[in-house]
Amino acid sequence: MGLRERKKEKTRLALLDAALDLFLEQGYESTTVEQIAGAVDVSPRTFFRYFTSKDHLVLWFHDHGEEIMLETLTSRPADEPPFTVLMHALRAVLSDMQGSTPEESARFLKLRRILDENPRLIGQSVARGAQTERRLAELVAERRGADPDNDQLSHLIVAFAMSTLRVGFECPRRDGTLVEITDRMGETIDLAERSLQPGWDLQRPDR
């Protein structure tokens with residue numbers, strides 16, 4: 001990463017951290033883009049170079065996780081079973097979380113608090129997750145030589161994989177630390193791999 005890219009990343013993280021703290025201090029709905037920008041001593045125009053809205057800022061982790069999964073899917077062998085490919089993608093996300101710095105861990109836990117306290121944002125998160133599932137289904141269908149608009153199995157494969165991620169994140173909660181979350185994700189991925197009969201995802205697409 002060059003000097004310019006490092007400066008941009010520093011500004012992006014500064015905006016993100018300022019926003020998270022403001023959301024927790026005074027409430028999500030009460031916080032304005034102008035306040036977030038002012039806390040970092042930049043203009044609202046600069047804010048919009050990095051985030052399209054407050055909602056985009058809160059859901060930034062979806063963008064990050066989707067990028068990891070899509071990169072993993074495109075890098076796996078073409079003859080690998082699609083569900084196995086997706087499990088590798090989930091493990092890549094898990095590995096990224098396990099490698100978090102203390103600052104990144106604190107940022108993630110703040111985001112969870114904000115989502116828990118704002119039901120409207122949960123809906124936004126679900127909608128953003130649906131976009132990711134659609135993109136993953138398109139790649140799975142391409143690997144299977146199927147039409148993503150008509151091939152139900154491609155979408156089912158993705159739905160099973162992403163439900164594994166959701167269960168790992170949410171059920172059951174214990175101490176709520178990042179270590180506990182990542183441990184639970186790993187356990188759920190292992191459980192999903194043990195629970196499905198090998199080859200279930202290898203049916204030929206209907207022509």
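Which residue forms a salt bridge with Asp-149, and how far apart are the closest N and O atoms? The partner is Arg-134, and the closest N and O atoms of the pair are 2.6 Å apart. The views below come from a predicted model, in which local features need pLDDT of at least 70 and side-chain atom pairs count only at pLDDT 80 or more, while totals for chains, interfaces and linings use all residues. Residues are numbered from 1 along each chain as its sequence is written, and side-chain values use heavy atoms, with hydrogens and water left out.

View 1. Arg-134 lies in helix H8, where helices (H or I, at least four residues) and strands (E, at least two) are DSSP runs numbered from the N terminus. A salt bridge here is a side-chain nitrogen of Lys or Arg within 4 Å of a carboxyl oxygen of Asp or Glu. The bridge from Arg-134 to Asp-149 ties together parts that are 15 residues apart in sequence, because Arg-134 belongs to helix H8 and Asp-149 to the loop between H8 and helix H9 (152–170). From C-alpha to C-alpha, Arg-134 and Asp-149 are 9.9 Å apart in space. The side chain of Arg-134 also meets that of Glu-138 in a salt bridge, at 3.2 Å from N to O; both residues lie in helix H8 (residues 119–144), four residues apart, which is about one turn of the helix. Leaving aside neighbours within four places in sequence, Arg-134 is in contact (heavy atoms within 4.5 Å) with Pro-148, Asp-149 and His-155.

**View 2. Accessibility around Arg-134.** In the terms used here, buried means under 20% relative accessible area, exposed over 50%, and partly exposed in between (1.4 Å probe, protein chains only). Arg-134 is partly exposed at 31% relative accessibility, and Glu-138 is likewise partly exposed, at 35%. Asp-149, with a relative accessible area of 58%, is exposed.

View 3. Glu-117 forms a salt bridge with Arg-113, with the closest N and O atoms 3.9 Å apart. The two residues are four residues apart in helix H7 (residues 102–117), so about one helical turn separates them. Both are partly exposed, Glu-117 with 47% relative accessibility and Arg-113 with a relative accessible area of 45%. Side chains of opposite charge can pair when their charged atoms come close. A search of the whole structure finds 17 salt bridges.

**View 4. The packing of helices H7 and H8.** H7 and H8 pack at an angle of about 110 degrees, with their axes 5 Å apart; axes are lines fitted to C-alpha atoms, for helices over the stretch in contact, and angles run from 0 to 180 degrees between N-to-C directions. That makes H7 roughly perpendicular to H8, a description given to angles of 65 to 115 degrees, whereas those under 35 count as roughly parallel, those over 145 as roughly antiparallel and the rest as oblique. On the H7 side, Ile-114, Leu-115 and Glu-117 meet Pro-119, Leu-121 and Ile-122 of H8. The residues of this contact divide into five nonpolar, no polar and one charged, where Ala, Val, Leu, Ile, Met, Phe, Trp, Tyr, Cys and Pro count as nonpolar, Asp, Glu, Lys and Arg as charged, and the others, Gly among them, as polar.

View 5. The protein is divided into domain 1 (1–51) and domain 2 (53–195), with bounds that come from an automatic or database domain assignment. The centres of the two domains, taken over C-alpha atoms, are separated by 25 Å, and 18 residues of domain 1 are in contact with 16 residues of domain 2. Phe-23 lies in helix H1 (residues 3–26) and is buried, with a relative accessible area of 3%. Not counting residues up to four places away in sequence, Phe-23 touches Tyr-28, Thr-31, Ile-36, Lys-54, Leu-57, Val-58 and Ile-114.

**View 6. Asp-41 in a loop between two helices.** Asp-41 lies in the loop between helix H2 (33–40) and helix H3 (44–50). Although Asp-41 is not a glycine, it has a positive phi of about 65 degrees. With 71% relative accessibility, Asp-41 counts as exposed.
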